Amino acid sequence: MKPPVHPLKKFIRPHVTRTTMCPGCGNGIVAAAILRAIDKLVLTMDDFVFVSGIGCSAWIPSPLFDADTLHTTHGRPVAFATGVKLGLPEKNVLVASGDGDLTAIGGNHLIHAARRNIDITVVLVNNGIYGMTGGQTAPTTPRGISTITNPYGTLEPPFDIAPMAVAAGASYVARWTTAHPRRLEQAIAKGIQKKGFALIEAVSQCPVQFGRASGIGKAVDILKYFKEKSLSLKKASGMTPEETSGRIVVGEFADVEKPELSSQLEELRERFRRAEA
Amino acid sequence: VKRVSPCRPGPHFMMGNIALAEGAIAAGCTFMAGYPITPASEIANRLSQLLPMVGGTFFQTEDEIAAVCAAVGASWAGKKAMTATSGPGLSLMQETIGFATATETPLVIVDVQRLGPSTGAPSVGVAGDMVQAARGSHGDYQLIALSPATGQEMFALTVCAFNLAERFRVPVIVLADAFLGHMKESVRIPSTDEMEIVNRRLAEPGTDPLSRNDFLNPSVAPMPVFGRGCRAHVTSSCHDAHGMRNLSDPAAMHAYVTRPIEKIISHRDEIVQVEADYSKGDVVLVSYGTTARAAQAAVNAARGKGLHAGRLRLKTVWPFPDVEVEAAARAASSIVVLENNLGQLLPYIRAAVGGECPVHFQPPERLGQLHDPVSVLQLMEEVIP
């Protein structure tokens, strides 16, 4: 009898046998959700270009995924991905990167990509802290938590990323946590299928940095915390800001059809081709 | 659809920035990303008209960082890609220029230089970015930079920039300035059969990156552009010849830094172009860009007066034409360096001269004004023994 092979192994670079993630990291759950979504859609790695920035979650596609992967500079994966998509409009371009990368240093690129409604799927892994550099405050860190750079407690409120992407113009926006792996997978699949800008915010655990800073504890404790604090968007919509404070509002924040950039540019080229003919 | 088309072959009277845009189209550019900035905006304005007509894409970004990142992304998507900016934009692009050298990405960056530092004076031409063009990103690296002197060269050196970028998988910077960008003069657009166009070599589609050497080849590796089943692993982090990250092996780090530099330096004779017009015993004016026109006028006047005068014009400024400067120094009685700045390339020129002859430097009398050939001539008369 042949030894069992993991059903997602076909998507992994054959020579990559180890990950750089810490034990208990949520990146594995997010990576698996991305790959299951691709599998369910009956797509192959040749249908994709993966782009990532700098930070722990930027190492999800690179070097793990057996595909064209572009591992870029800090904060810029969406800008690079936009160029890739405009050059290869027939491919699915998926960005996997973190909250620091995509909403701090790269916040402006994210907002403008959503506004342009370019057909890119962004899986934003939000662990609420800078993990790789050792636990500094991120724009997503909950107020009051003591971090390495806010040893007396953070003073700033966190970004509410999903609604920001909706306001900027994204076609599809969802937020789930790593305690909702199936929902996450479904949202990523919908994001890939959506002709337009899709942002899937994956609230994820960093037991090493966030678990320690917040005092919530280890991976399982954080996952339990996610389950406990999660609140569906439907329920949250009837509640006051005080009532939803400290909760993680999950669900689909946008799912609309609107003009997409790369196809509009193709239509423009087509107009010139027709005029020439 | 509005009817505009690329300029037909033949003589035209056109602005330098427009000639540059026409050169990009002639070279096969199909992607430009840009952000408005004086004195470079006309390049984007023109290419936004032309690119969709030739099956290409013009993309206006939220800032210059996004512009150069998108151009790198499009290059990996297989397009001949460019961006155009001025000094402040080039400053913002520096991190990604380093990324492009480290990932061996063909790319053309146009810098229509203006008076700095900082926001400075947008419409005034000063060659203030001569060193930051090549040394502005962190770490050791080598790129190519060209310095046009005429509207004709705005066209021709842009074609050349794309060819070099494709041939050597490297960013090539065209260092124009506000005078050249905005001046209108006679430009002859050559016909396609007069032009040599170079396209990058591509990696075999459908193969595994571990079976190929996509990076760190001093002879220039075929490029595993995306979308062809190459499953390329592209990272600017320290990597091996397959592109796989390696952050622990000192030998890998050494190769990661030195081989892309060796790739350019070992081909410097194929890359470096100068215009040499001097004889033994001449006072040789060394200059580049717009300033070279004042140098030429001064040399013509000097020769008219029977003086032994010559000139060396650097069309390629990076990799630095040290061999060519040294050869001029061996022939010259003395060297006069003309730069439209406070002497940015002067230390490199002095190093190449290496004591072979005296070196004098003359900036313009007022920064932001071109050299007056009469005052250049006066200096030449003073230094002639």
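The largest pocket of this predicted model has a lining of 26 residues, and those nearest its centre are Pro158(A), Phe159(A), Gly246(A), Arg247(A) and Ile248(A). Four elements of chain A, namely α5 (161-168), β6 (198-203), α8 (219-229) and β8 (248-255), each give two or more residues to this lining. Of these, β8(A) gives the most, with three residues. The space in the largest pocket amounts to about 740 Å³. By residue class, its lining divides into 13 nonpolar, eight polar and five charged residues.

In chain B, strand β7 (residues 171-177) presents a separate topic. Seven of the seven residues of β7(B) are buried, so the strand is largely enclosed by the rest of the structure. Burial, meaning under 20% relative accessible area, applies to both faces of β7(B): one side carries Pro171(B), Ile173(B), Leu175(B) and Asp177(B), and the other carries Val172(B), Val174(B) and Ala176(B).

| Partner strand | Sense | Bridges to β7(B) |
|---|---|---|
| β5(B), residues 107-113 | parallel | seven bridges |
| β6(B), residues 144-146 | parallel | three bridges |

Individual residues illustrate these pairings. Val174(B) of β7(B) is the bridge partner of Val110(B), while Val172(B) of β7(B) stands opposite Ile144(B). Both Val174(B) and Val172(B) belong to one buried side of β7(B).

How values were computed
Residues are numbered from 1 along each chain as its sequence is written. Chains are lettered from A and ligands numbered from 1 in the order in which they are written. This is a predicted model: local features need pLDDT of at least 70, side-chain atom pairs count only at pLDDT 80 or more; totals for chains, interfaces and linings use all residues. Side-chain values use heavy atoms; hydrogens and water are left out. On a 1 Å grid over the protein atoms alone, a cavity is a set of points where a 1.4 Å probe fits but cannot get out, and a pocket is an open set with protein on both sides within 12 Å along at least five of seven lines; lining residues have an atom within 4 Å of a point. Grid points are joined across faces, edges and corners, and a volume is the space filled by probe spheres set on the points. Ala, Val, Leu, Ile, Met, Phe, Trp, Tyr, Cys and Pro count as nonpolar, Asp, Glu, Lys and Arg as charged, and the others, Gly among them, as polar. Buried means under 20% relative accessible area, exposed over 50%, partly exposed in between (1.4 Å probe, protein chains only). Two strands pair if DSSP finds at least two bridges between them.
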